[in-house]
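Have the structure open and follow along.

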Amino acid sequence: MVKAEISRGTTPAPPPRARVLVIGGGYVGMYTALRLQQKLKRGEAEVVVVSPNAYMTYQPFLPEAAAGSISPRHVVVPLRRVLPNCTIIVGEARSIDHARRVATLTTLASEEAANRTTADRPDAPRTPLAKNAGDAATDTAADAHEPPGSFEMTYDELVLAPGSISRTLPVPGLAEHGIGFKTVEEAIALRNHVLEQMDIASSTRDPELRDAALTYVFVGGGYAGVEALAELADMARYATRYYHNVKADDLKWILVEASDHILPEVGHDMGKYAVRELRARNIDVRLETRLDSCENRVAVLSDGTRFPTRTVVWTAGVKPHPILAATDLPLDKRGRLICTAKLTVDGAEHAWSAGDAAAVPDLAADEPGAECAPNAQHAVRQARVLAENIVASLRGETPRDYRYRYAGSVASLGLHKGVAQVYGRKLKGYPAWLMHRVYHLSRVPTFNRKARVLAEWTLSGLFKREIVSLGSLEHPRAEFELAAGRERSRDV
């Protein structure tokens with residue numbers, strides 16, 4: 001009789017799934033979500049990834065993408081393909097109230113809906129915005145203090161990995177004329193810009209305009225600045241063979257670095273070698289020098305030198321993402337999250353971080369109190385430990401410490417040239433360049449991307465470089481606007 005009553009009873013509802021909210025789709029965000037996808041059991045937790053783009057950019061390949069050695073679409077990894085079991089929301093976090101376990105988000109759809117609601121029905125409620133974001137969103141967005149079009153999302157575990165942004169200084173003219181080099185869009189725009197300046201120089205009789213067009217100033221002697229300059233200089237030098245009135249010696253490449261060395265990651269000796277190598281290629285390397293101004297398309301350096309130029313590339317460091325300041329989590333003096341060796345945010349349960357946004361103790365370092373360097377080598381490995389620690393926490397197990405001894409660094413100085421310091425061994429020239437390619441080919445995510453990049457490298461060795469500027473892609477409606485009677489405007 002008891003058995004019959006039990007069989008006729010209702011089935012107990014399954015317990016609600018925990019929600020892991022991952023802010024950021026870069027190295028840490030994507031690799032953490034990927035590892036969670038692999039380790040979590042079906043129905044154990046829901047993983048939501050919030051990223052401004054639906055792809056992860058493999059930044060070490062940006063210089064080669066700018067030089068045309070790799071197609072731009074092969075430098076990025078689509079999140080929806082790599083993370084089929086995760087909810088992907090293309091948007092941004094505006095603020096995080098970890099005490100309430102609530103993140104305020106905006107998406108492209110919510111911004112459009114907010115604009116339409118404000119214009120057509122100012123008093124209309126914004127509640128549907130959260131539902132449009134999918135099952136991951138909550139039902140409320142009525143907080144009067146939220147930005148227009150935003151909605152709130154609750155979570156159980158937070159992974160805050162928004163990465164970093166370019167660290168700019170109040171240099172006059174920089175905001176108007178500077179070009180960054182942190183995204184694939186910036187890399188391709190810079191390639192188009194360099195080739196476009198060569199077209200301008202080839203088609204003008206104005207010596208001042210020609211000189212400014214063929215002068216390229218790069219500020220910052222780290223990986224991004226040195227590798228971008230070296231690859232683009234090789235590309236432009238090759239392209240001059242197809243210009244009847246632009247020679248390789250007409251190009252002026254200037255690297256400005258505030259410290260007394262470049263590429264500190266590969267060591268002092270290899271940094272000095274890199275300076276000699278660049279100067280041997282007629283690249284003006286200026287150490288202990290700063291950019292004071294670039295107003296009116298004139299780069300003024302701290303040593304008093306003035307260079308008329310139409311190209312100023314800013315790669316002088318990065319800083320933590322602004323979202324970190326919009327949280328109630330502890331930050332260090334540099335604005336990064338204070339983390340433990342287990343990759344938890346210090347003093348905040350259920351909050352995790354790694355990569356550029358986190359100050360993580362380096363347990364493998366020789367000196368006490370050292371922190372992990374904000375580079376891809378640490379970020380990928382931290383993400384793996386972070387994901388496994390989240391799974392352990394959800395299952396009531398003990399998380400483990402992150403410990404990794406830095407292996408070294410490799411840097412490209414253009415085609416067939418490079419520097420490296422790996423496990424104390426120093427390499428330069430072709431061996432270092434080959435190691436650079438092999439290492440990054442092994443690290444780029446997915447077999448699909450590895451195969452495509454390898455195929456492009458192979459083809460580029462068999463055929464000539466592409467020297468076409470597709471700057472018009474940045475103004476796709478220009479021709480149609482001209483046909484429709486509107487004046488076409490382009491800033492060159």
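Start with helix α8 (residues 184-202) and helix α10 (residues 223-239), which pack at an angle of about 35° with their axes 11 Å apart. Axes here are lines fitted to C-alpha atoms, for helices over the stretch in contact, and angles run from 0 to 180 degrees between N-to-C directions. Helices are DSSP runs of H or I with at least four residues, strands are E runs of at least two, and both are numbered from the N terminus. This is a predicted model, where local features need pLDDT of at least 70 and side-chain atom pairs count only at pLDDT 80 or more. Residues are numbered from 1 along each chain, and side-chain values use heavy atoms, with hydrogens and water left out.

Who touches whom? From α8, Leu 190, Arg 191, Val 194, Leu 195 and Met 198 meet Leu 232, Met 235, Ala 236 and Ala 239 of α10 (contact means heavy atoms within 4.5 Å). That contact divides into eight nonpolar residues, no polar and one charged.

Now look at α13 (residues 430-443) and α14 (residues 447-462), packed at about 150° with axes 9 Å apart. They are therefore roughly antiparallel, a label for angles over 145 degrees. Arg 437, Leu 441, Ser 442 and Arg 443 in α13 meet Lys 450, Val 453, Leu 454 and Trp 457 in α14.

Finally, the strands: β14-β15-β16 form an open sheet in that order, with antiparallel pairing (strands pair if DSSP finds at least two bridges between them). At the edges are β14 (291-293) and β16 (306-308), each pairing on one side only. Two bridges join β14 to β15 (residues 298-301), and Ser 293 has Val 300 in β15 as its bridge partner.

Key. Ala, Val, Leu, Ile, Met, Phe, Trp, Tyr, Cys and Pro count as nonpolar, Asp, Glu, Lys and Arg as charged, and the others, Gly among them, as polar. Angles under 35 degrees count as roughly parallel, over 145 as roughly antiparallel, 65 to 115 as roughly perpendicular and the rest as oblique.
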